[in-house]
Amino acid sequence: MGDMIPQWAGGLPADAPPRPGTAKYDEMMKQRERARLEPKPNEPGAQSADGQVTAPAN
């Protein structure tokens, strides 16, 4: 019921995450997990585009 209330009347904003148990929620969680597992370009030990591993900065 609360999903049907417009945002201007106190309902959920358009960018609110999907509800757990729905197909959209499952897809969002898979996408989050993929992004979490990808190495970040500024992290020590991350591979660069040419395949070289960067050394940690100490």
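1. Contacts of Pro18. In this predicted model, Pro18 touches Lys24, Tyr25 and Met28, when residues up to four places away in sequence are not counted. Pro18 itself is found in the segment before α1, and helix α1 covers residues 23-37.

2. Exposure of Pro18. The relative accessibility of Pro18 is 25%, and Pro18 therefore counts as partly exposed. The cut-off for a buried residue is under 20%, so a value of 25% does not qualify as buried.

3. Pro18 and Met29. Eleven residues separate Pro18 from Met29 in sequence. In space, their C-alpha atoms are 10.0 Å apart.

4. The fold as a whole. Of its 58 residues, 3% are buried. The accessible surface comes to about 5400 Å², and carbon and sulfur atoms account for 56% of that area.

5. Salt bridges. How many salt bridges does a search of the whole structure find? The search finds two. They are taken in turn in the next points.

6. Glu33 with Arg36. The side chains of these two residues meet in a salt bridge, with 2.6 Å from N to O. Both Glu33 and Arg36 lie in helix α1, three residues apart, which is about one turn of the helix. Glu33 has 35% relative accessibility and so counts as partly exposed. Arg36 has 56% and so counts as exposed; the cut-off for exposed is over 50%.

7. Glu27 with Arg34. In this salt bridge the closest N and O atoms are 3.7 Å apart. A salt bridge is counted when a side-chain nitrogen of Lys or Arg is within 4 Å of a carboxyl oxygen of Asp or Glu, so the pair at 3.7 Å is included. Arg34 counts as partly exposed because its relative accessibility is 47%. Glu27 is also partly exposed, at 41% relative accessibility.

Methods
Residues are numbered from 1 along each chain as its sequence is written. This is a predicted model: local features need pLDDT of at least 70, side-chain atom pairs count only at pLDDT 80 or more; totals for chains, interfaces and linings use all residues. Side-chain values use heavy atoms; hydrogens and water are left out. Buried means under 20% relative accessible area, exposed over 50%, partly exposed in between (1.4 Å probe, protein chains only). Accessible areas come from the Shrake-Rupley method with a 1.4 Å probe; for residues, only the protein chains shown count as cover. Helices (H or I, at least four residues) and strands (E, at least two) are DSSP runs, numbered from the N terminus. Contact means heavy atoms within 4.5 Å.
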